[in-house]
Amino acid sequence: KVKDEFMVSFYSDTDSQTGKVQIGGIDKSLIDESSKVILPFNAYPAVQYLWTTSLQSFDLDGKDFGSRLSYFGIDSGSSAMKGDSIAMASALSYAVQTKKATGKYPNMNLQMGTLEATGKTAKLVVTSDQYVPLIDQGDKAGQYVPQIQTLGGVDSLVIQGSTLMNSVYSV
């Protein structure tokens, strides 16, 4: 029998540095029904194999960077938030300037999809603790580095990897 819905779920435990990918199902014990967000598929024209949804807004503590962005995608192969070169470069510059001026990085706020429990637009908040990790290997080991990067060749798109996926159960 052919299914109308296909599922792939991702769970990661940052404390133990382990995770699980489940194809064809979900672990219902990991779902908080009150925070379930429905993200309808909306194909990004230039890369149709990438799962994307419509992005309504993207800001850092109220400073809008979403005017160029229309699509949001989850990328299980990436650790950073990356996308539209102009929007991401501007967001990174603002985050670094805010850190210098206030001593802390701003929160990221993304609005998209529908919160199933209320029918309202969902707001996902990615805190600086989530997107500015302590780097444990490489030439930046021991430094806190904002995981905001440009990605050439894509306009109006932002994708998030483990920066967000480590904090939510992605299905």
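Tutor: Asp 84 and Arg 68 meet through their side chains in a salt bridge, 2.9 Å from N to O. This is a predicted model. Asp 84 sits in the loop between strand S7 (81-83) and H1, and Arg 68 sits in the loop between strand S5 (63-64) and strand S6 (71-74), so the pair ties together parts 16 residues apart in sequence. Asp 84 counts as buried because its relative accessibility is 0%. Arg 68, at 34% relative accessibility, counts as partly exposed.

Arg 68 has a further partner. Asp 155 forms a salt bridge with Arg 68, with the closest N and O atoms 3.9 Å apart. Asp 155 lies in the loop between strand S10 (148-150) and strand S11 (157-160), while Arg 68 is in the S5 to S6 loop, so this pair ties together parts 87 residues apart in sequence. The salt bridge count comes to 2.

Asp 59 belongs to strand S4. Asp 59 is buried but has no salt bridge. The nearest side chain of opposite charge is Lys 123, 5.9 Å away. A salt bridge needs nitrogen and oxygen within 4 Å. What does the Asp 59 side chain make a polar contact with? The partner is the side chain of Asn 109, at 2.8 Å. The Asp 59 side chain also reaches the backbone nitrogen of Asp 61 at 3.5 Å. Leaving aside residues up to four places away in sequence, Asp 59 touches Asp 64, Phe 65, Asn 107, Met 108 and Asn 109.

S9 pairs with S8 in the antiparallel sense over 6 bridges. Met 112 stands opposite Ala 122. S8 and S9 form a hairpin with 5 residues between them, and Gly 119 in the turn has a positive phi of about 80°.

Met 108, a contact of Asp 59, is also part of the largest nonpolar core. That core has 21 residues, and Leu 55, Phe 58, Met 88, Met 108, Leu 110 and Tyr 131 touch the most other members. Strand S4 (52-60), helix H1 (85-102), strand S8 (108-115) and strand S9 (121-126) each give two or more residues to this core. H1 supplies the largest share, 4 residues.

Terms used:
Residues numbered from 1 in each chain as written. Predicted model: local features only at pLDDT ≥ 70, side-chain atom pairs only at ≥ 80, totals over all residues. Heavy atoms only, no water. Core = buried A, V, L, I, M, F, W, Y, C linked by side-chain atoms within 4.5 Å. Buried < 20%, exposed > 50% of the residue type's maximum accessible area, 1.4 Å probe, protein only. Pairing = 2+ DSSP bridges. Lys, Arg positive; Asp, Glu negative; His and termini not counted. Polar contact = N/O pair within 3.5 Å; in protein donor to acceptor, adjacent residues only side chain to side chain. Contact = heavy atoms within 4.5 Å.
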